[in-house]
Amino acid sequence: MKTLAEKTECPESLEPMRKAFGGTFIVAGGYGREDGNKAMAENHADMVAFGRLFLANPDLPKRFELNAPLNKYIRELFYAPEPVLGYTDYPFLEDSS
């Protein structure tokens, strides 16, 4: 797992939870494309959630597939009642067709 402010890897800290749970294990919190793939490849998780990245990148799977740049999310707009921005107005990748 990595924090937003600094890159701190600690996937082993979730191992006891993964073993105790025994079901499909989803991790979240600061994962990007590379470390999400690594968590899956090293069997630290069955799935990786990308909440904040999905808010700012409605086409996140396509961006990951193309290794395209990501929009930066604006944390100050999370859960703000006014103005209603940041959930539906982040740009998509340009249509290449």
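This is a predicted model: local features need pLDDT of at least 70, side-chain atom pairs count only at pLDDT 80 or more; totals for chains, interfaces and linings use all residues.

Biologist: Is Arg 63 buried or exposed?

Modeller: Buried: its relative accessibility is 4%, and the cut-off for buried is under 20%.

Biologist: OK, and what does the side chain of Arg 63 reach?

Modeller: The backbone oxygen of Pro 91, at 3.0 Å.

Biologist: Which residues is Arg 63 in contact with, leaving aside neighbours within four places in sequence?

Modeller: Asn 57, Ala 68, Pro 69, Leu 70, Asn 71, Pro 91, Phe 92 and Leu 93.

Biologist: Then Asp 59, where is that?

Modeller: In the loop between helix H3 (51-56) and H4. Asp 59 counts as buried because its relative accessibility is 9%. Not counting residues up to four places away in sequence, Asp 59 touches Phe 92 and Leu 93. Phe 92 and Leu 93 are also among the contacts of Arg 63.

Biologist: Switching topic: which residues make up the largest nonpolar core?

Modeller: There are ten: Phe 25, Val 27, Tyr 31, Ala 39, Ala 45, Val 48, Phe 50, Leu 53, Leu 60 and Phe 64. In soluble globular proteins, nonpolar side chains tend to be buried together.

Biologist: What does Leu 60 touch, not counting residues up to four places away in sequence?

Modeller: Phe 50, Leu 53, Phe 54 and Leu 70.

Biologist: And how many aromatic pairs does the count come to?

Modeller: Two. One is Phe 50 with Phe 64, edge-to-face, 5.1 Å centre to centre with 80° between the planes. Phe 50 lies in the loop between E2 and H3 and Phe 64 in helix H4, so this pair ties together parts 14 residues apart in sequence. Both Phe 50 and Phe 64 are buried.

Biologist: What about Tyr 73 and Phe 78, stacked or edge-to-face?

Modeller: Stacked, with 25° between the planes and 5.5 Å centre to centre. Tyr 73 and Phe 78 are both buried too.

Conventions. Residues are numbered from 1 along each chain as its sequence is written. Side-chain values use heavy atoms; hydrogens and water are left out. Buried means under 20% relative accessible area, exposed over 50%, partly exposed in between (1.4 Å probe, protein chains only). A polar contact is a pair of N or O atoms within 3.5 Å; within protein, one must be able to donate a hydrogen and the other to accept it, and residues adjacent in sequence count only if both atoms are side-chain atoms. Contact means heavy atoms within 4.5 Å. A nonpolar core is a set of buried Ala, Val, Leu, Ile, Met, Phe, Trp, Tyr and Cys residues joined through side-chain atoms within 4.5 Å. Helices (H or I, at least four residues) and strands (E, at least two) are DSSP runs, numbered from the N terminus. Rings of Phe, Tyr and Trp (its six-membered ring) pair if their centres lie within 6.5 Å; planes under 30 degrees apart count as stacked, over 60 as edge-to-face and the rest as tilted.
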